[in-house]
Amino acid sequence: MASIITSPGMESSPFLQHHSASLRIWHWLIFIFITGSIITVLINSTVLSPRDNIKLVQEQLTRKGVTVTDDQAFAVSHEYEDKMWNVHILIGYGIAFLLLARVVIEFTQAEDEKMRNRLKKAILLSKQNGKNSADYKHYIRVKLSYMLFFVLLFLTVITGLGMAFGRELGFSREIHGSLKNLHAIIQYFMYAFIVIHLAGVIIAENGKIKGIVSGMINGND
Ligand code: HEM
Ligand code: HEM
């Protein structure tokens with residue numbers, strides 16, 4: 001079975017899998033784009049937070065002999081935040097493209113490397129009782145976490161694009177507000193996935209599934 005190869009200490013481990021070149025490239029691109037997107041969010045909520053920069057704008061203008069109100073200073077600092085949101089939106093288009101690319105990759109993958117076939121196999125394995133039963137139960141949870149991630153990514157992209165093209169689509173302020181709220185809430189689930197995912201692969205690499213991380217680089221061919 002091409003997608004199941006053995007790992008020291010764990011016979012026929014389904015965890016150490018082949019990854020096609022396109023999936024590996026996709027994985028590292030989504031890692032870069034999502035990290036970039038999160039960095040823009042972090043910058044806007046810290047260094048470029050408009051409310052926090054009101055005093056800074058006022059101080060700089062006072063030194064040049066101009067006095068402005070909080071409202072006027074806010075308008076200036078808000079512009080810098082907007083510039084960063086434009087970067088966030090550009091990265092967002094990249095993420096939307098990558099989501100589409102993942103759907104195309106799914107159709108071009110070898111049969112036993114397709115997500116749905118791996119999920120089916122995971123369900124079958126999770127029903128087995130034996131030496132590796134606990135590992136198989138863990139395996140299905142890992143696969144389900146990927147499915148959940150794709151649902152979250154889809155919702156992030158839909159709400160993000162909805163905001164970006166809201167005017168063209170004729171969305172009311174209320175709809176824009178709801179999309180923004182939903183988009184903002186989903187981010188926390190994304191962060192949770194990333195933390196659990198990173199912890200998971202590090203624990204696996206240091207435990208029974210040595211080579212799981214390099215497999216995402218060399219494909220375990
Ligand atoms: C993991 C990926 C992403 C994260 C963590 C994320 C997070 C956020 C957060 C926290 C906000 C601020 C919401 C608020 O002010 O309440 C935001 C705004 C926004 N995001 Fe994202 N986002 C992601 C991906 C995307 C994508 C794929 C798009 C699609 C184009 C997108 C488009 C937008 C837009 C248009 C805004 C509103 C910016 C503004 O206020 O002018 N985001 N995002
Ligand atoms: C923003 C950060 C990341 C996201 C959103 C992410 C997302 C994903 C997704 C969706 C998959 C499943 C791929 C598929 O079959 O479609 C995956 C697998 C994998 N990722 Fe990540 N990843 C991230 C960061 C990382 C990092 C930093 C590492 C390495 C330290 C890593 C190592 C792996 C490995 C080894 C697998 C395969 C695990 C397995 O066979 O079950 N990921 N990742």
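Is the crossing of H2 and H3 left-handed or right-handed? The first legend below gives the answer. The structure shown in every view is a predicted model.

**View 1. Helix H2 packs against helix H3.** The crossing of H2 and H3 is right-handed. H2 covers residues 50-63, and its axis comes within 8 Å of the axis of H3, with the two crossing at roughly 120°. On the H2 side, the residues that meet H3 are Pro 50, Asn 53, Ile 54, Val 57 and Gln 58. On the H3 side, the partners are Asp 70, Ala 73, Phe 74, Val 76, Ser 77, His 78 and Glu 81. By class, this contact divides into 6 nonpolar, 4 polar and 2 charged residues.

**View 2. Helix H3 packs against helix H5.** The axes of H3 and H5 are 10 Å apart and the angle between them is about 135°. H3 and H5 are therefore oblique to each other. H3 passes H5 in a left-handed crossing. From H3, the contact takes Ile 89, Gly 92, Ile 95, Ala 96 and Leu 99. These meet Leu 153, Phe 154, Val 157, Gly 160, Leu 161 and Ala 164 in H5. The contact of H3 with H5 holds 9 nonpolar and 2 polar residues, and no charged ones.

**View 3. Helix H4 packs against helix H5.** H4 runs over residues 115-126 and packs on H5 at an angle of about 150°, the axes being 8 Å apart. H4 and H5 are therefore roughly antiparallel to each other. The crossing in which H4 passes H5 is left-handed. H4 brings Arg 118, Leu 119, Ala 122, Ile 123, Leu 125 and Ser 126 to the contact. H5 brings Tyr 136, Lys 137, Tyr 139, Ile 140 and Lys 143. In this contact, 7 residues are nonpolar, 1 is polar and 3 are charged.

**View 4. Domain 1 meets domain 2.** According to the domain assignment of the chain, domain 1 is made of two stretches, 1-19 and 111-221, while domain 2 spans 21-108. The centres of the two domains, taken over C-alpha atoms, are separated by 26 Å. Domain 1 puts 13 residues into the contact and domain 2 puts in 11 residues. On the side of domain 1 that touches domain 2, helix H5 (133-164) and helix H8 (212-218) each supply at least two residues. H5 has the largest share of that side, with 6 residues. The residues of this side of domain 1 comprise 8 nonpolar, 4 polar and 1 charged.

**View 5. The shell around ligand 1.** Ligand 1 is surrounded by 22 residues, of which the closest are Trp 85, Gly 92, Gly 160, Met 163 and Ala 184. Two of these, Gly 92 in H3 and Gly 160 in H5, also belong to the helix contact of view 2. The elements that give two or more residues to this shell are helix H1 (21-45), helix H3 (70-108), H5 and helix H7 (173-206). The largest share, 7 residues, comes from H3. Each of domain 1 and domain 2 provides at least three residues of the shell around ligand 1. By class, the shell has 14 nonpolar, 7 polar and 1 charged residues.

**View 6. The shell around ligand 2.** Around ligand 2 there are 18 residues, and the closest are Phe 31, Ile 34, Tyr 146, Val 201 and Met 216. H1, H5, H7 and H8 each supply at least two residues of this shell. H1 gives the most, with 5 residues. Ligand 2 lies between domain 1 and domain 2, because both domains give residues to the shell around it. The shell around ligand 2 divides into 13 nonpolar and 5 polar residues, with no charged residues.

Terms used. Residues are numbered from 1 along each chain as its sequence is written. Chains are lettered from A and ligands numbered from 1 in the order in which they are written. This is a predicted model: local features need pLDDT of at least 70, side-chain atom pairs count only at pLDDT 80 or more; totals for chains, interfaces and linings use all residues. Domain bounds come from an automatic or database domain assignment. Two residues are in contact if their C-beta atoms, placed from the backbone, lie within 7 Å. Helices (H or I, at least four residues) and strands (E, at least two) are DSSP runs, numbered from the N terminus. Ala, Val, Leu, Ile, Met, Phe, Trp, Tyr, Cys and Pro count as nonpolar, Asp, Glu, Lys and Arg as charged, and the others, Gly among them, as polar. Axes are lines fitted to C-alpha atoms, for helices over the stretch in contact, and angles run from 0 to 180 degrees between N-to-C directions. Angles under 35 degrees count as roughly parallel, over 145 as roughly antiparallel, 65 to 115 as roughly perpendicular and the rest as oblique. A crossing is left-handed if the near helix is turned anticlockwise from the far one by less than a right angle, and right-handed if clockwise. A residue is near a molecule or strand if its C-beta atom, placed from the backbone, lies within 6 Å of it.
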